[in-house]
Amino acid sequence: MKMLYLAQIDRQLFAVDKECVIGVGSCNGGSFKPIEEKGRQYLPLPHGDRAVICDVGALMAGHGDRAPLKRGVHYLIVAHDDQALALVMTGKGRIVAADVAATRPLPPAFTSRSRTLVPGVLINGIDMILLLDLQTVLETTTVRHGQAECRVQEKR
């Protein structure tokens, strides 16, 4: 069994290794403006750090741009190599235990882009949990977001 952080992105469940999770952030419309550099948006974090904003829902749909963020948006802040990523979530996530040995390949209906972002899937009853490849998410992210006020709550 492995501990995973389960996040809802749009209407789909995604999972990342719990050990990668730094914290969770939320946006409440206002004066915050993401930092833009080299075609990427960054979420300012405490202590002067920043995380690349990754909209997995837009990447899975095959387009990089999305409408401006609205109130109540949550970010899952994860560490990958020496980079922090802020994955846009539809709602708050949770930690779950899963048997990753039961990982299956994606069904044939998924496109080639989805296959690179999601190397495997876990089936839990009627739920399909997509396991994210953080390296591929980082490499394919050039998402633009609108203004919002964000705060990050670090994992304790």
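Tutor: Two strands pair if DSSP finds at least two bridges between them. Keep in mind that this is a predicted model.

Student: What makes strand E1 and strand E9 a pair?

Tutor: Five bridges join E1 (residues 2-9) to E9 (residues 94-98), and the two run antiparallel. The cut-off is at least two bridges, so they pair. In E9, Val96 stands opposite Leu4.

Student: How do you know that E1 and E2 pair?

Tutor: Six bridges link E1 to E2 (residues 12-17), in the antiparallel sense. Pairing needs at least two, so the term applies. Leu4 has a bridge partner in E2 as well: Asp17. The hairpin of E1 and E2 has two residues between the strands, and Asp10 takes a positive phi near 55° there.

Student: Why is Asp55 called buried?

Tutor: Its relative accessible area is 1%. Buried means under 20%, so Asp55 is buried. Asp55 lies in the loop between strand E6 (50-54) and helix H1 (56-61).

Student: What makes Asp55 and Gly57 a polar contact?

Tutor: A polar atom of the Asp55 side chain lies 3.3 Å from the backbone nitrogen of Gly57.

Student: Why is Cys20 called partly exposed, and why is Cys54 called buried?

Tutor: Cys20 has a relative accessible area of 21%. Buried needs under 20% and exposed over 50%, so Cys20 falls in between. Cys54 has 0%, so it is buried. A search of the whole structure finds zero disulfides.

Student: How do you know that the charged end of Arg50 sits over the ring of Tyr42?

Tutor: The charged end is 4.0 Å from the ring centre. The distance limit is within 6 Å, so 4.0 Å passes.

Note on methods:
Residues numbered from 1 in each chain as written. Predicted model: local features only at pLDDT ≥ 70, side-chain atom pairs only at ≥ 80, totals over all residues. Heavy atoms only, no water. Helix = DSSP H or I, 4+ residues; strand = E, 2+ residues; numbered from the N terminus. Buried < 20%, exposed > 50% of the residue type's maximum accessible area, 1.4 Å probe, protein only. Polar contact = N/O pair within 3.5 Å; in protein donor to acceptor, adjacent residues only side chain to side chain. Lys NZ or Arg CZ within 6 Å of the ring centre and 35° of its normal. Disulfide = S-S within 2.5 Å.
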